[in-house]
Amino acid sequence: MKLLSTLLRRFIQSGTLRVYDADGRLHTFSGTLAEPVVTIRLHNKSLYTKLFFNPELYVGEAYMDGELTFEEGSTCFDFLNLFSNNRTGLTSHPVQSVLRRVWRGLRRFQQHNPIGKALKNAAHHYDLSDEFYRLFLDEDMQYTCAYYSSPDDTLEEAQLNKKRHVCAKLKIEDGMKIAELGCGWGGLALHIAQMADVEVTAVNLSIEQIRVARERARRLGLEDRVHFKHMDYRELTGKYDRVVSVGMLEHVGLGHYDEFFQKFRSLLTEDGIGLVHSIGRNAPPGSASPFIRKYIFPGGYAPSLSEIFAPAERQRVWVADCEILRLHYYYTLRDWRARFMANWEKAASIYDERMCRMWEFYLISAQLAFLTGSEMVFHLVLANKRDAVPIVRDYMIDDEREARTLVSQYR
């Protein structure tokens, strides 16, 4: 416990962490401000060394496995909130500083996502039971950042806002051919087809998501205009008036960004418009959370804008517009977590308690990253020609307001 104590004394700069070790002894670590107070218990002595060398991985693992529990009214959220607010104290520790340099050095290896490996990584997360996802997502099963006109919007309202916001930027018109790269359970593609007389080709690596999306298209009578294909986006060919990717760039990987923007360029017609919606970071290039990388999104990474603009420039793609969504994903994750916690027993019946603790840890960690960390979401509007997109942004606002007058039903 002595080794871990040296880290925790430097780590806790604000608040108090009370730790019961595996022998039942209490250790207290306080910052300049004593509040809030969080109490945990470690049930395995092997955690002392593991947590010293890699707390960001082994805290989550220990909680999943029941080897770390919360005491005296403390919760997982309380602990991770304390952790998040003391992040600088952790990263300044010499051992943690070295660890982060190692992680950054391994990024290209960790994010190497050729077509076969990308399929395996997608299956790890997205081929879970759709019944599980329905426990906490909105009715349309949107699994990306929503767009809140107010923090008080319902999740359903905010996800509909997101679809309208994306479509307004794309300036979709009847008769267009549209490609969606990474389509989830099909909600955006089906929304587009309900808003305009267009043909949509949507690709995805998840077998389960494609199965659900095709069924939804059949149920809505849209299978003749919305085509869901189980394939890697790099295998898609043809020319499209609009190309959209929502929540897929995070899975592309650092070494594949040139490939990604080259594909956008090749798929767009000369006058076409594209849009990329992705998690990013308001910070210099870094590395993915070791817990998220191992258990949630293998091969995933949220890039800095500096890592995105350079390959876009190399591929001679115009970035016609950029918008930063700062708190919208915090609100989205807040609502997902509330629904997940309310459906804990149902989730445990589908999988087990360990899976529930893993997802609770993931959802809280992600939520706080958008509140106290550097995470954000960005929208890039892309084009092959500088004048493909209107020269002022008024068109987006006008189209979005018009869309709010339209009625669309989702099932």
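Analyst: **A buried loop and its surroundings**

M141 lies in the loop between helix 9 (130–133) and helix 10 (155–170); helices (H or I, at least four residues) and strands (E, at least two) are DSSP runs, numbered from the N terminus. The model is a predicted one, in which local features need pLDDT of at least 70 and side-chain atom pairs count only at pLDDT 80 or more, while totals for chains, interfaces and linings use all residues. Residues are numbered from 1 along each chain as its sequence is written, and side-chain values use heavy atoms, with hydrogens and water left out.

Although M141 is not a glycine, its phi is positive, at about 60°. Most residues other than glycine have a negative phi, and most peptide bonds are trans. With 4% relative accessibility, M141 counts as buried, where buried means under 20% relative accessible area, exposed over 50%, and partly exposed in between (1.4 Å probe, protein chains only).

Rings of Phe, Tyr and Trp (its six-membered ring) pair if their centres lie within 6.5 Å; planes under 30 degrees apart count as stacked, over 60 as edge-to-face and the rest as tilted. The pair of Y143 and W185 is tilted, with 6.2 Å centre to centre and 50° between the planes. Both residues are buried. The whole structure contains 32 aromatic pairs.

R316 is placed in the loop between helix 15 (305–314) and strand 10 (318–325), and at 63% relative accessibility it counts as exposed. The other feature is a cis peptide bond from E35 to P36, with omega near -5°. P36 belongs to the loop between strand 2 (26–30) and strand 3 (37–42).

An open sheet of 7 strands has mixed pairing and the order 7-6-5-8-9-11-10; two strands pair if DSSP finds at least two bridges between them. Its edge strands, each pairing on one side only, are strand 7 (226–230) and strand 10. Neighbouring strands are turned by 15° against each other on average, direction ignored; axes are lines fitted to C-alpha atoms, for helices over the stretch in contact, and angles run from 0 to 180 degrees between N-to-C directions. Strand 9 (residues 268–281) and strand 11 (375–383) pair in the antiparallel sense over 9 bridges, and G274 stands opposite L382 in strand 11.

Two helices lie across this sheet. Helix 13 (residues 257–267) lies across strand 5, strand 8 (240–246), strand 9 and strand 11, and runs at about 150° to strand 9. Helix 15 lies across strand 9, strand 10 and strand 11, at about 15° to strand 11.

F370 is located in the loop between helix 18 (353–369) and strand 11. F370 is buried, its relative accessible area being 6%. Apart from neighbours within four places in sequence, F370 is in contact (heavy atoms within 4.5 Å) with residues that include I279, L327, Y330 and V377. The C-alpha atoms of F370 and L327 are 6.4 Å apart, although 43 residues separate them along the chain.

Charged side chains complete the account. The charged end of K177 sits over the ring of Y240, 5.3 Å from its centre, a term that requires NZ of Lys or CZ of Arg within 6 Å of the ring centre and within 35 degrees of the ring normal. The charged end of R41 sits over the ring of Y20 at 4.4 Å from the centre. E61, in helix 3 (residues 55–64), is buried with a relative accessible area of 12%. The side chain of E61 makes a polar contact of 2.7 Å with the side chain of K294; such a contact is a pair of N or O atoms within 3.5 Å, and within protein one must be able to donate a hydrogen and the other to accept it, while residues adjacent in sequence count only if both atoms are side-chain atoms. Beyond its neighbours within four places in sequence, E61 is in contact with F291, K294 and Y295.
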